[in-house]
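Please look at the sequence and the structure together before reading on, and keep both in view while you follow the text.

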Amino acid sequence: MADGTFAGRTALVTGAGTGIGRAVSLRLLALGATVVGVGRRAEPLAETAALAGTDRFRHTSLNIRDREAADAFVAGLGGLDLLVNNAGGQFVAPATEISRRGFDAVVDLNLTAQAALVRAAYPGLAARRGRVVTLSLSAPERGIAGITHSAAARAGMAALTASLARRWRADGISLFCLAPGTVLTDGVGDELPAEVLARIVATTPLGRDTTLAEVAEWVAALGSGVADAVSGTLFEVDGGSGLVSAASLMGQEDR
Ligand SMILES: CCCCCCCCCCC/C=C/C(=O)SCCNC(=O)CCNC(=O)[C@H](O)C(C)(C)COP(=O)(O)OP(=O)(O)OC[C@H]1O[C@@H](n2cnc3c(N)ncnc32)[C@H](O)[C@@H]1OP(=O)(O)O
Ligand SMILES: NC(=O)C1=CN([C@@H]2O[C@H](COP(=O)(O)OP(=O)(O)OC[C@H]3O[C@@H](n4cnc5c(N)ncnc54)[C@H](OP(=O)(O)O)[C@@H]3O)[C@@H](O)[C@H]2O)C=CC1
């Protein structure tokens, strides 16, 4: 992306205090955007602000699963050029060991809350012919053993993205899902043991992880408008990792 691509544009990035959300925020800022970063914890957001070193980064503590607060916050932003639906995640567990509350929590975060944000952002996006990029997992429709709740939620979000793309094209709004391969963030490190991560990376057909810089550049590109001939698509930027079964990576049978 060329310098200044995002000058005069405003982006909302969820989960902007850590990992991918931070890298995306910093890249959009470098390209000239004003970025509104949210997350539950104030401290990581303040660290992103310190790294950004510009008053074009504004940050607020917000739990996107708090529907009323999230709706009010997004409505207060007004015109919006880009929503980066990045806040998400899950826990690894066999399907038979996921409780009802555990399933609901993961679906709430990765589908219901993300969908509500897109809905709340609609007036602001329509005013600016804006774009939505939702971080996802590759191959949810082909199945991901070990995180069945998250796979179901991500497939739902991909379907919502495609469905809205059909309707909102008339308003000039484009929507995308972006599924990186393994990105070695602290978040994924907390979720999976180092040896499991190393095996996942080693069995990725490309033979490596997906870098933060790659993810940030893809988000910037999709958010910039260069891909507007496409809408409603899930891009798997994963070095082919979605082609490899999670269960075979782990040496376990699907349960
Ligand atoms: C078999 C092989 C498996 C291989 C899998 C390979 C997958 C590769 C994927 C790699 C790529 C993905 C990377 C990332 O996503 S990086 C992001 C990293 N960060 C996270 O994922 C953290 C996200 N987690 C959260 O935000 C929260 O933990 C969550 C939303 C999931 C839950 O939050 P909440 O506060 O609502 O949860 P509670 O603590 O109140 O618990 C609610 C119920 O959920 C149950 N639970 C929670 N953790 C676990 C667990 N580890 N195992 C089982 N159950 C769990 C909890 O017990 C509650 O239920 P109950 O009340 O019934 O007990
Ligand atoms: N790393 C990887 O290999 C991959 C990651 N992804 C996806 O990319 C996204 C980012 O992942 P990554 O950066 O690695 O992980 P992180 O755990 O670092 O990022 C998650 C971010 O979301 C925020 N967040 C979580 N829940 C909420 C909530 N309820 N309200 C507001 N903010 C919330 C967290 O901040 P706080 O805790 O302060 O709220 C955190 O900043 C996730 O959706 C993840 O599933 C997809 C494929 C691969």
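This is a predicted model: local features need pLDDT of at least 70, side-chain atom pairs count only at pLDDT 80 or more; totals for chains, interfaces and linings use all residues.

Residues are numbered from 1 along each chain as its sequence is written, and chains are lettered from A and ligands numbered from 1 in the order in which they are written.

Two packed helices are described by the angle between their axes and the distance between the axes. Helix α4 (residues 100–128) and helix α5 (residues 148–168) pack at about 15°, their axes being 8 Å apart. That makes α4 roughly parallel to α5, a term for angles under 35 degrees. Among the residues that meet are Phe103, Val106 and Leu111 in α4, and Ala152, Met157 and Leu160 in α5, contact being counted when C-beta atoms, placed from the backbone, lie within 7 Å. By class, this contact has eleven nonpolar, five polar and one charged residues.

Helix α4 also takes part in the shell around ligand 1, to which α4 gives the most, with five residues. In total 24 residues surround ligand 1, the closest being Gly89, Ser99, Gly102, Gly146 and Gly187, where a residue counts if its C-beta atom, placed from the backbone, lies within 6 Å. This shell divides into 14 nonpolar, eight polar and two charged residues.

Around ligand 2 there are 29 residues, with Gly15, Gly19, Arg40, Gly88 and Gly187 the closest. Its shell has eleven nonpolar, 14 polar and four charged residues, and α1 (19–30) and α6 (186–191) each supply at least two residues of the shell.

Technical notes. Axes are lines fitted to C-alpha atoms, for helices over the stretch in contact, and angles run from 0 to 180 degrees between N-to-C directions. Helices (H or I, at least four residues) and strands (E, at least two) are DSSP runs, numbered from the N terminus. Angles under 35 degrees count as roughly parallel, over 145 as roughly antiparallel, 65 to 115 as roughly perpendicular and the rest as oblique. Two residues are in contact if their C-beta atoms, placed from the backbone, lie within 7 Å. Ala, Val, Leu, Ile, Met, Phe, Trp, Tyr, Cys and Pro count as nonpolar, Asp, Glu, Lys and Arg as charged, and the others, Gly among them, as polar.
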